[in-house]
Amino acid sequence: MGPSNSFYATDNTAQQILPTFTTVLSISLGIGTYVVNADVWIEDTSPSNSSDLAVCELTLGGGATDQVEIGLLGPSSAPQNQGTLSMTLAATIAAATPATVSCAGEGNTGEIFAETASMTAIQSSNVN
């Protein structure tokens, strides 16, 4: 109970996922305690049934991190060529900093895309 603030961001622009972590979405947050949730819809558009791996991570304040991964097959194996990665973390930050979702991909053809991403950050007086 107590005062809270909510922050939301979304991006529906397809972004290619490269072998190095690339920022997909971020929200600027001020000093405080937050619970942050993020979802990224990943799709493999490779021309074959080659397997690919996508890894996404949610970070806040340089220390708190939640990382998830998904293995995907090419489009002819639908629906195994797509999936949603969900991440959650709670942290107190002492200085203004962004909550950031970044993704990386590895595979035979490198045709992995973050199709949509969304993030919600809720600030509260504390997290127990």
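Is Cys56 buried or exposed? Cys56 counts as buried, at 0% relative accessibility. Buried means under 20% relative accessible area, exposed means over 50%, and partly exposed lies in between (1.4 Å probe, protein chains only). This is a predicted model: local features need pLDDT of at least 70, side-chain atom pairs count only at pLDDT 80 or more, and totals for chains, interfaces and linings use all residues. Residues are numbered from 1 along each chain as its sequence is written, and side-chain values use heavy atoms, with hydrogens and water left out.

**The disulfide**

- The structure holds one disulfide (a pair of cysteine sulfur atoms within 2.5 Å).
- Cys56 and Cys103 form this disulfide, with their sulfur atoms 2.1 Å apart.
- Cys56 lies in strand E5 and Cys103 in strand E8 (residues 97–107), so the pair ties together parts 47 residues apart in sequence.
- Strands (E, at least two residues) and helices (H or I, at least four) are DSSP runs, numbered from the N terminus.
- The torsion about the S-S bond of Cys56 and Cys103 is about 105°, so the disulfide is right-handed.
- Cys103 is buried too, at 0% relative accessibility.

**Strand E5 and its partner**

- Strand E5 covers residues 52–60, and seven of its nine residues are buried, so E5 is largely enclosed by the rest of the structure.
- E5 pairs with strand E6 (residues 64–72) in the antiparallel sense, over nine bridges.
- Two strands pair if DSSP finds at least two bridges between them.
- Asp52 stands opposite Leu72 in E6.

**Met87**

- Met87 sits in strand E7 (residues 82–93).
- Met87 is buried, with a relative accessible area of 1%.
- Met87 and Leu58 are 29 residues apart in sequence, yet 6.4 Å apart in space, C-alpha to C-alpha.

**The aromatic pair**

- A search of the whole structure finds one aromatic pair.
- Phe7 and Tyr34 form this pair, which is tilted: 6.2 Å centre to centre, with 55° between the planes.
- Rings of Phe, Tyr and Trp (its six-membered ring) pair if their centres lie within 6.5 Å; planes under 30 degrees apart count as stacked, over 60 as edge-to-face and the rest as tilted.
- Phe7 is in strand E1 (residues 5–11) and Tyr34 in strand E4 (residues 32–44), 27 residues apart.
- Phe7 is partly exposed, at 27% relative accessible area, whereas Tyr34 is buried, at 1%.
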